[in-house]
Amino acid sequence: MFSTRRARIRKATRALSKDASTANYIALAKEYAALGQPAEVLEVCKEGLELHPESADLQRLAQRARELHQQQRLDTLRAELEVAPRAALYRELCELLLEKGDAQRALEAATRWRSQTEEPEAVYYVAAANAEFFFDGRRSRDGLLAFQLAVQSGKALQKDRRPLRLQFEIARRCGAWEDARKALARLLELMPGNPLLEARFRRVLANCAHSRPLAKALAEVERTGRFVDDEPEESGTFDREAVRPTLKQLAARPEVHVAFFLRGNTALVQGAQGPTADRPARAVREVLQASRSSARRMALGRPLEVRAEGPFGPLVLQPGSLGTSAVWAAQIPAGPIG
């Protein structure tokens with residue numbers, strides 16, 4: 001069977017040499033895939049994509065081969081670490097897991113490495129994994145721990161740029177510009193004359209007048225769920241008249257006290273006017289922000305619905321991609337509120 005498959009590979013290779021078409025690249029890649037050789041599949045796909053970058057089939061094959069090749073290497077590294085653990089294997093394992101987006105397993109591997117050796121590079125990878133938790137979940141404790149461990153590993157790894165780059169990225173994304181400046185200044189000592197770093201240093205220096213202490217900057221990211229370079233929320237560009245009829249219909253129900261729609265700093269309210277509308281709108285926005293912040297701290301993900309109940313009647317919020325719908329009522333109206 002193996003020799004038959006090899007003969008098919010030779011045939012597919014000859015066909016490709018005569019006609020470098022997308023179909024022939026795909027045929028050769030599939031022959032290698034049948035042999036369980038994802039590295040060869042990936043090489044064929046890379047060559048094919050240089051000639052046919054628009055081919056969705058080659059792109060899909062390359063992605064699948066990349067995933068399989070990564071998994072094979074991960075399995076090999078884990079087996080080798082059980083027999084003879086050493087720094088080079090742990091380093092590659094952590095890098096592959098972070099590249100794959102598996103921060104939890106990267107943290108487990110780095111923590112195990114650190115417990116065995118206390119090597120500063122292991123501390124760096126613990127920091128890098130926690131940084132991924134911060135970038136994904138916006139929890140301030142993850143960001144602070146990642147930054148502190150990056151500083152710790154950087155002190156031991158004096159010539160290593162990675163801990164400094166991690167410090168810079170955490171500080172930059174939350175607006176702790178003074179901490180970002182310090183990390184960049186140290187990087188420039190290691191890479192003098194680097195034009196990209198120099199340009200970044202000038203931009204960061206211009207922002208230092210608006211810098212916040214790291215802990216406060218991280219807490220603000222957790223509270224808002226936003227980094228300083230995120231796209232600003234749109235507040236007044238949506239079609240209010242398209243939303244208002246639905247709000248009126250909700251507010252007209254006998255069980256509904258007030259109906260809200262919030263987007264950014266804009267709030268549409270039906271069922272109340274003037275200060276009577278402004279106060280509950282502000283309260284609804286505060287409830288929404290607190291719920292999102294609590295969900296991030298508890299690693300629960302994005303809230304889909306928020307309910308508060310009491311003698312005043314239930315308040316229900318439904319956050320969505322276009323804004324947040326909310327109803328304060330004597331009882332919850334049937335059907336969706338958004």
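Tutor: Let's go through the sheet strand by strand and then turn to the helices and the packing.

Keep in mind that this is a predicted model. The protein has 14 helices and five strands, and the five strands form an open sheet. Reading across, the order is β2-β1-β5-β4-β3, with antiparallel pairing.

Start at the edges. β2, residues 266-270, and β3, residues 306-308, each have a single partner strand, so one side of each is left without a neighbour in the sheet. On average, neighbouring strands here are turned by 15° against each other, if you ignore direction.

Strand β1 covers residues 256-263 and is joined to β2 by five bridges, with the two running antiparallel.

β3 and β4 pair in the antiparallel sense over three bridges, and one of the residue pairs to look for is A308 with L315 in β4. These two strands make a hairpin with six residues between them. In that turn, have a look at G313, which has a positive phi of about 100°.

β4 itself runs over residues 315-319 and is mostly covered, with four of its five residues buried. On to the next partner: β4 and β5, residues 324-329, pair antiparallel over five bridges. Here P319 stands opposite T324 in β5.

Among contacts with a separation of 6 or more, 49% are between residues 24 or more positions apart.

The largest nonpolar core has 55 residues, and L166 and I170 have the most contacts inside it. Helix α7, residues 120-137, supplies the largest share of this core, with 12 residues. To see the packing around I170, leave aside its neighbours within four places in sequence: I170 is then in contact with A131, F134, F135, G143, A146, F147 and L218. There's also a second, separate core of 15 residues, which includes A12, Y25, Y32 and L58.

In the loop between α7 and α8 (140-156) you'll find R138. R138 isn't a glycine, yet it has a positive phi of about 65°. Its relative accessible area is 19%, and the cut-off for buried is under 20%, so R138 counts as buried.

Next, the aromatics. A search of the whole structure turns up six aromatic pairs. In one of them, Y90 and W113, the ring centres are 5.5 Å apart and the planes are at 5°, so the pair is stacked. Y90 sits in helix α5 (residues 87-100) and W113 in helix α6 (residues 103-117), so the pair ties together parts that are 23 residues apart in sequence. Y90 is buried at 2% relative accessibility, and W113 is buried too, with a relative accessible area of 1%. Ring pairs also link Y90, W113, Y124 and Y125 into a cluster.

Last, two spots towards the start of the chain. N24 is in helix α2, residues 22-34. A polar atom of the N24 side chain lies 3.4 Å from the backbone oxygen of A15. Not counting residues up to four places away in sequence, N24 touches A15, L16 and D19. The other spot is E47, in helix α3 (residues 38-51). E47 is partly exposed, with a relative accessible area of 43%. The C-alpha atoms of E47 and A20 are separated by 9.9 Å, with the two residues 27 apart along the chain.

To come back to your sheet, the picture to keep is the order β2-β1-β5-β4-β3, paired antiparallel, with β2 and β3 at the edges.

Terms used. Residues are numbered from 1 along each chain as its sequence is written. This is a predicted model: local features need pLDDT of at least 70, side-chain atom pairs count only at pLDDT 80 or more; totals for chains, interfaces and linings use all residues. Side-chain values use heavy atoms; hydrogens and water are left out. A nonpolar core is a set of buried Ala, Val, Leu, Ile, Met, Phe, Trp, Tyr and Cys residues joined through side-chain atoms within 4.5 Å. Buried means under 20% relative accessible area, exposed over 50%, partly exposed in between (1.4 Å probe, protein chains only). Contact means heavy atoms within 4.5 Å. A polar contact is a pair of N or O atoms within 3.5 Å; within protein, one must be able to donate a hydrogen and the other to accept it, and residues adjacent in sequence count only if both atoms are side-chain atoms. Two strands pair if DSSP finds at least two bridges between them. Axes are lines fitted to C-alpha atoms, for helices over the stretch in contact, and angles run from 0 to 180 degrees between N-to-C directions. Rings of Phe, Tyr and Trp (its six-membered ring) pair if their centres lie within 6.5 Å; planes under 30 degrees apart count as stacked, over 60 as edge-to-face and the rest as tilted.
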